[in-house]
Amino acid sequence: MMAALKIDNSGNTGRQRKMHPHKFTLWIGIGSILMMFAGLTSAYIVKRNQASWTSFELPKVFWLATGVILVSSLTMFLALRNIRQRQMARYRILLMTTMLLGIAFVLLQTFGFVQLWKNGQTLQSTVSYSFLYIIVGLHALHVVGGVVALVVMFLKIFSTRQRNYSAVPVEVMSTYWHFVDVLWIYLLLFLLMIK
Amino acid sequence: MSSVENLTGHGTAVHIDTEHGHHEEHHHHETFITKYVFSQDHKMIAKQFLITGMIWAIIGGLFSVLFRLQLGYPEETFPWLEDLLGHWAKGGKLDPEFYYALVTMHGTILVFFVLTAGLSGTFSNFLIPLQVGARDMASPFLNMLSYWFFFLSSVIMFSSLFVQTGPASGGWTIYPPLSAIGEASSGSKIGMDLWLVSMAMFIVSALLGGLNYISTILNLRTKGMSMTRLPLTIWAFFFTAVLGVLSFPVLLSGAILLLFDRNLGTSFYLSDLVVNGKILPNEGGSAILFQHLFWFLGHPEVYIILLPAMGMSSEILSTNSRKPIFGYMAMVASLFAIAILAFLVWAHHMFVTGLNPMLGGFFVLLTLLIAVPSAIKVFNWLTTLWRGNIRFTPAMLFAIGFVSLFISGGLTGIFLGNSALDIHLHDTYFVIAHFHIVMGVASFFGMFAGVYHWYPKMYGRYLNNTLGYIHFWITIIGAYLIFWPMHYEGLAGMPRRYYDFSSWESFKMFGGLNQFISFVSIIVFLAQLLFVFNFFHSIWKGRKVTSTNPWGSNTLEWTTPVNPGHGNWPGEIPEVHRGAYDYGKDGKEFIPQDVPVGADESHH
């Protein structure tokens, strides 16, 4: 396939490398994602300072979701530690747990939104709820992206074509996963404090 | 494209790179699909961006010819227009709705698809790995995705030209509420949704590309290539990518909110609206919010367009003057200053939207500050040329033309940066003249300079010089003839985006001038087709490049074979021992970057 044309870029600088290029790329990508949420949250602040802003309450189930994503960060951290120590069986289980917790997070948030919707606090009801749906929804989309990557990573473990014990993809994955976790905590605090 | 690959590519690229592994014999796996379509080779991706960009440029340029026909000859009818456009030009006269669609799509296509993807997409991809000394981008796969997202975005935008209600027509800035309400105009119906979805794909493409450019420049430089030895092209691409990565996501936020407003009944931008006598239910939104989100991208975007042209012109001016670039560090610092200021001036697009005049004062100050780094750059370009041993290649002419346009367009920026003058000048042809010269045509000149200069590296052949000279002179004279008169029209208050000026007593006197502008723009458009012909003809029939370094240039791309394979250098990547601008040093005409510093060399 296309992978046949793999160009190995690692090791062509004479300097001591501090970071794998993929990891570095991810960090810049994180900066970029942050800018998107910065755009949304600053739009939110601007709107909040105008007339006709209505406050809102977050659904209780978001707290449970927060707990779930925090635990998933922990399992991701342990998964990375285990692949570094070549504990493949444990790594596999921990990766799968992270994946399931990620799915649980998204489901819990969806559940929260369904509750809101049933109470009449729909997307269109007020600007504040519109923002809530979009900001939280876009974050959830980023978690879904992470879950998809985890699924791919999980399936690759069982690939008979190639065995890979490299920790780099897992490091990239775990950096991203901790990022969506921290991003959620930031958004949660933001939505709690400025509402 | 295919016939030129066998010069040195296949023969030597099978060399085994002992130190770096993985690299040997990769040519054996290439098929047509992996080589030309889903290529992960940065050079092929660059060509894909360039050719797609050229197709867009022809479409976008043709649109300007169509609406210039209306502006120059408002009384005339052109029956062939009806054949071409159907119900958009009944009786051979452009429909007013479609006139707006043409203006909107001209802007969108030229700003994003040609001068962002076609310019920075092409040359960042092509030059970054070659000039920093890397085998490919940090992630060739993401790089390939970047092109295909651009392609997808292009397909969506192109398809919007063919929907019944026409493409987006609210101006390239798509300000709500016009763009948010389908009933408001036919261009705000499905065409607008396609515009937004296409731009979302475009943003993904720009981000994937930008991530790659940044991490390649910071992580994959060859041994000895410190940041201060980088050619100015690379510095320019670096800042361009940083601007893109930080500003495009904000536009994405704005576009997402607009999509929700359009389709899901939210009111981010909408409030207190009456359309066709019907009161809309939307409450509590603010149209100004969109303008902030849009221009937070929109202003950096003009530097995303301009910086690559600056970088390439710097490189080409120095190479063809046979002189070091004057003030290398000042050039880098001024690029940096421009990149920072780019984020702090967006509200100068909003002086007359009810912005707090006090706040406007700060934005005036910051805007005028950009004149400082810009003037440094102009000074350094001129001093680089000063008493140089100038070779007037077509690339050099276009680079000099870039400097000329940047000066004349930049000066009018000082007028427009004043919030007081802006009360009179905003939304007039003065603005049109300013940004077309300084951002549009100038960047086009940078792009042409780049194509003429690096064409031998891209295809192993030269472009035809005579056609190049004809192309240059018609384009530079034409560009000034088109846009210079617009300054006068603008000062007289002639507003942009109007369909027909002949019914206004105050603008009637410009009828002849408008006709003249339209006439010249048709000629200039035809001259660009000459370039397109030259480009494609030379791929197969151009004069072959026989030496690896035809311009006597210092940068690393000229140490590769005439037709480099995937991986760029058949052997080891060269080590860098000096900066990129050792021209005319110690009696030597030029000393490439990979030449070690000699014992008898003067200061280094």
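Let me begin with Phe190(A), which touches Thr41(A), Tyr44(A) and Ile45(A) once residues up to four places away in sequence are set aside; contact here means heavy atoms within 4.5 Å. Phe190(A) lies in helix α5 of chain A, residues 168-193. Helices (H or I, at least four residues) and strands (E, at least two) are DSSP runs, numbered from the N terminus. Because its relative accessibility is 7%, Phe190(A) counts as buried; buried means under 20% relative accessible area, exposed over 50%, and partly exposed in between, with a 1.4 Å probe and protein chains only. From Phe190(A) to Leu64(A), 126 residues apart in sequence, the C-alpha to C-alpha separation is 17 Å.

Before going further, a word on the basis of these values. This is a predicted model, in which local features need pLDDT of at least 70 and side-chain atom pairs count only at pLDDT 80 or more, while totals for chains, interfaces and linings use all residues. Residues are numbered from 1 along each chain as its sequence is written, chains are lettered from A and ligands numbered from 1 in the order in which they are written, and side-chain values use heavy atoms, with hydrogens and water left out.

Chain A as a whole has five helices and zero strands, in the order α-α-α-α-α from the N terminus. Of its 195 residues, 50% count as buried. Among the chain A contacts between residues at least 6 apart in sequence, 81% join residues at least 24 apart.

I turn now to chain B, and to its helix pairs. How do α15(B) and α16(B) lie relative to each other? The axes of α15 (residues 429-459) and α16 (residues 465-491) of chain B come within 8 Å and cross at roughly 165°. Those axes are lines fitted to C-alpha atoms, for helices over the stretch in contact, and the angles run from 0 to 180 degrees between N-to-C directions. α15(B) and α16(B) are therefore roughly antiparallel to each other; the classes are roughly parallel under 35 degrees, roughly antiparallel over 145, roughly perpendicular from 65 to 115, and oblique for the rest. The crossing of α15(B) and α16(B) is left-handed, that is, the near helix is turned anticlockwise from the far one by less than a right angle, clockwise being right-handed. By class, the contact of α15(B) with α16(B) has 16 nonpolar, seven polar and one charged residues. In this scheme Ala, Val, Leu, Ile, Met, Phe, Trp, Tyr, Cys and Pro are nonpolar, Asp, Glu, Lys and Arg are charged, and the others, Gly among them, are polar.

Within helix α15 of chain B sits Met447(B). With 5% relative accessibility, Met447(B) counts as buried. Beyond residues up to four places away in sequence, Met447(B) touches Val114(B), Leu115(B), Gly118(B), Leu119(B), Phe123(B) and Met312(B). The C-alpha atoms of Met447(B) and Gly118(B) are separated by 8.7 Å, although these residues are 329 apart along the chain.

The second pair is α9 (residues 287-321) and α10 (residues 328-342) of chain B, which pack at an angle of about 170° with their axes 10 Å apart. α9(B) and α10(B) are therefore also roughly antiparallel to each other. On the α9(B) side the contact is made by His299(B), Pro300(B), Tyr303(B), Leu307(B), Met310(B) and Ser314(B), and on the α10(B) side by Met331(B), Leu335(B), Ile338(B) and Ala342(B). By class, that contact has eight nonpolar, two polar and no charged residues.

In the loop between α9 and α10 of chain B we find Arg322(B). Arg322(B) is not a glycine, yet has a positive phi of about 55°. At 7% relative accessibility, Arg322(B) counts as buried. Asp586(B), in the loop between β3 and β4 (588-590) of chain B, has a positive phi near 50° and is likewise a residue other than glycine. Is Asp586(B) buried or partly exposed? Its relative accessibility is 39%, so Asp586(B) counts as partly exposed.

One further backbone feature concerns a peptide bond. Pro176(B) and Pro177(B) are joined by a cis peptide bond, with omega about 5°. Pro177(B) is placed in the loop between α6 (140-160) and α7 (190-219) of chain B.

At 0% relative accessibility, Ser553(B) counts as buried. Its side chain makes a polar contact with the side chain of Thr555(B) at 3.5 Å, and another with the side chain of Tyr583(B), at 3.5 Å. A polar contact is a pair of N or O atoms within 3.5 Å; within protein, one must be able to donate a hydrogen and the other to accept it, and residues adjacent in sequence count only if both atoms are side-chain atoms. Apart from neighbours within four places in sequence, Ser553(B) is in contact with Glu315(B), Thr319(B), Trp558(B), Tyr583(B), Phe590(B) and Pro592(B).
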